[in-house]
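Let's take a walk through this protein together. Have the sequence and the picture open while you read.

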Amino acid sequence: SSGLPKPSFGHLTQPFDTPEFHKLYRVVPIRKVHSLSITWALPPQEQYYRVKPLHYISWLVGHEGKGSVLSFLRKKFWALALYGGNGETGFEQNSTYSIFSISVTLTDEGYKHFYEVAHVVFQYLKMLQKRGPDKRIWEEIQKIEANEFHYQEQTDPVDYVESLCENMQLFQKEDFLTGDQLLFEYKPEV
């Protein structure tokens with residue numbers, strides 16, 4: 001270690017503050033697929049790695065059971081799949097911003113109704129916002145992540161060392177091994 005502090009770009013607070021980002025873009029795909037992606041640029045979340053607020057939200061958004069966004073959209077024959085989250089790569093999460101995306105794979109019928117699909121997604125997020133965080137759900141995610149951590153398959157040593165080196169840039173010393181996977185603290189205000 002060089003002993004130098006890691007560079008921070010936190011002073012660049014509004015990287016996406018441009019009219020180009022508040023728009024709907026239609027892109028003609030190469031193969032026949034209809035996908036709706038909604039992306040938010042949020043304040044940086046990496047300092048909350050012990051709470052993992054984006055993981056909590058993506059868990060709820062990506063839920064497929066009764067009462068979920070996807071089950072509603074499937075009933076209307078508008079969607080086949082839905083994914084929400086933050087890829088935790090340097091592009092999606094850094095000291096300047098965090099990206100949160102929701103992507104919906106649409107049917108032909110869903111493509112005709114993509115404004116309504118977007119509306120449903122926003123309504124669901126509004127409902128989550130109104131309800132506020134739920135400790136029971138957070139603890140359920142915490143348990144599942146802990147199980148996955150304890151029973152994970154052995155990874156390639158080179159990949160493991162590489163991910164540890166990345167973790168050393170992001171987490172406190174005691175969390176180098178676990179910081180990217182485990183949830184430690186329930187903080188509803190975060």
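## Starting at His 113

Is His 113 buried, exposed or partly exposed? With a relative accessibility of 22%, His 113 counts as partly exposed, because buried means under 20% relative accessible area, exposed means over 50%, and partly exposed is what lies in between (1.4 Å probe, protein chains only). You'll find His 113 in the loop between α3 (108-112) and α4 (114-131). Helices here are DSSP runs of H or I with at least four residues, strands are runs of E with at least two, and the numbering goes from the N terminus. Trp 78 is 35 residues away from His 113 along the chain, yet their C-alpha atoms are separated by 7.5 Å.

A word on where this comes from: the model is predicted, local features need pLDDT of at least 70, side-chain atom pairs count only at pLDDT 80 or more, and totals for chains, interfaces and linings use all residues. Residues are numbered from 1 along each chain as its sequence is written, and side-chain values use heavy atoms, with hydrogens and water left out.

## The whole chain

The protein chain has six helices and three strands, and along the sequence they follow the pattern β-α-α-β-β-α-α-α-α. Its C-alpha trace spans about 55 × 40 × 35 Å along the principal axes. Of the 190 residues in the protein chain, 33% are buried.

Now for contacts, meaning heavy atoms within 4.5 Å. Take the contacts in the protein chain with a separation of 6 or more: 74% of them come from residues 24 or more positions apart.

## The sheet

In what order do the three strands sit in the open sheet? The order is β1-β3-β2, and the pairing is antiparallel. Strands β1 (34-42) and β2 (79-85) are the edges, each pairing on one side only. On average, neighbouring strands of this sheet are turned by 10 degrees against each other, direction ignored.

Two strands pair if DSSP finds at least two bridges between them. β1 and β3 (residues 98-106) have nine bridges, in the antiparallel sense. One spot to look up is His 34, whose bridge partner in β3 is Leu 106.

## Helices on the sheet

Helix α1 (residues 53-62) lies across β1, β2 and β3 and runs at about 10 degrees to β3. Helix α4 lies across β1 and β3, at about 40 degrees to β1. For these angles, axes are lines fitted to C-alpha atoms (for helices, over the stretch in contact), and angles run from 0 to 180 degrees between N-to-C directions.

Which residues of α1 are buried? They are Pro 53, Leu 54, Tyr 56, Ser 58, Leu 60 and Val 61. The buried residues of α1 pack against β1, β2, β3, α4 and α5 (135-150).

## Where α1 meets α5

Two packed helices are described by the angle between their axes and the distance between the axes. The axes of α1 and α5 come within 11 Å and cross at roughly 100 degrees. That makes α1 roughly perpendicular to α5, since 65 to 115 degrees counts as roughly perpendicular, under 35 as roughly parallel, over 145 as roughly antiparallel and the rest as oblique. On the α1 side, the contact is made by His 55, Tyr 56, Trp 59 and Leu 60; α5 brings Ile 137, Trp 138, Glu 140, Ile 141, Ile 144 and Glu 145.
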